[in-house]
Amino acid sequence: MRDGGLVGQVKRPDLRRADLVWIDDLPDAAWVMDRMLRLVVEANRAEFGFDLTDFGESAQIARYGAERQGHFGWHSDIGKGQWAAKRKLTVVIQLSDPADYEGGTLELQPDSNLYTAPRQRGFATVFPSFVLHRVTPVTAGERFSLTLWAHGPAFR
Ligand SMILES: O=C(O)CCC(=O)C(=O)O
Ligand SMILES: [Fe+2]
């Protein structure tokens with residue numbers, strides 16, 4: 001796994017501490033992409049109605065470990081990079097059994113309320129990529145997540 005940087009930004013280890021691997025580098029993971037794509041399309045149809053045109057960005061597996069209080073501070077997924085500028089929806093799948101870690105809570109702030117993503121393994125949280133979100137520090141064990149972005153023409 002590589003140390004996590006940020007798309008289109010200078011690396012800021014204080015903002016994000018996680019190890020990353022891209023799913024395209026893993027053998028036999030095509031079915032995972034397949035299922036995620038179907039999920040995003042369905043969620044978009046039901047909830048968002050965004051203009052989605054492609055899924056060219058490789059999905060990312062992150063590991064947040066207690067040994068260095070793995071976390072990701074408040075951020076939006078939209079940035080200046082070639083891909084980050086076109087992100088429309090973010091999908092985060094919980095890969096870990098909730099019993100395997102403490103902390104590591106995915107929180108979202110789409111309005112004045114704070115939303116906490118359910119922790120159960122396999123749960124998918126889908127949100128507009130501009131929504132502020134964070135992962136609180138993991139204080140025990142380790143948490144794995146899988147993140148995919150759907151792209152389209154930039155918001156305007
Ligand atoms: O690991 C998570 O729950 C969130 C990951 C994330 O926000 C990102 O990769 O942009
Ligand atoms: Fe994010």
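The end C-alpha atoms of residues 55–152 lie 9 Å apart, and this span is 0% helix and 52% strand, where helices (H or I, at least four residues) and strands (E, at least two) are DSSP runs numbered from the N terminus. UniProt, in an unreviewed entry, places the feature "domain: Fe2OG dioxygenase" at residues 55–152; such annotations may be inferred rather than shown by experiment, and the positions follow the numbering used here, with feature names shortened.

This is a predicted model, in which local features need pLDDT of at least 70 and side-chain atom pairs count only at pLDDT 80 or more, while totals for chains, interfaces and linings use all residues. Residues are numbered from 1 along each chain as its sequence is written, and chains are lettered from A and ligands numbered from 1 in the order in which they are written.

The chain as a whole contains one helix and twelve strands, and its C-alpha trace spans about 40 × 35 × 30 Å along its principal axes.

Ligand 1 is surrounded by Gln60, Ala62, Phe72, Asp77, Val92, Leu106, His133, Val135, Ser145 and Thr147, each having its C-beta atom, placed from the backbone, within 6 Å of the ligand. The elements that give two or more residues to this shell are β4, β11 (132–135) and β12.

Turning to contacts, which require C-beta atoms, placed from the backbone, within 7 Å of each other, Val91 touches Met36, Leu39, Val40, Ala124, Val126, Thr147 and Leu148 when its neighbours within four places in sequence are left aside. Residues 24 or more positions apart account for 80% of the chain's contacts with a separation of 6 or more.

Key: Two residues are in contact if their C-beta atoms, placed from the backbone, lie within 7 Å.
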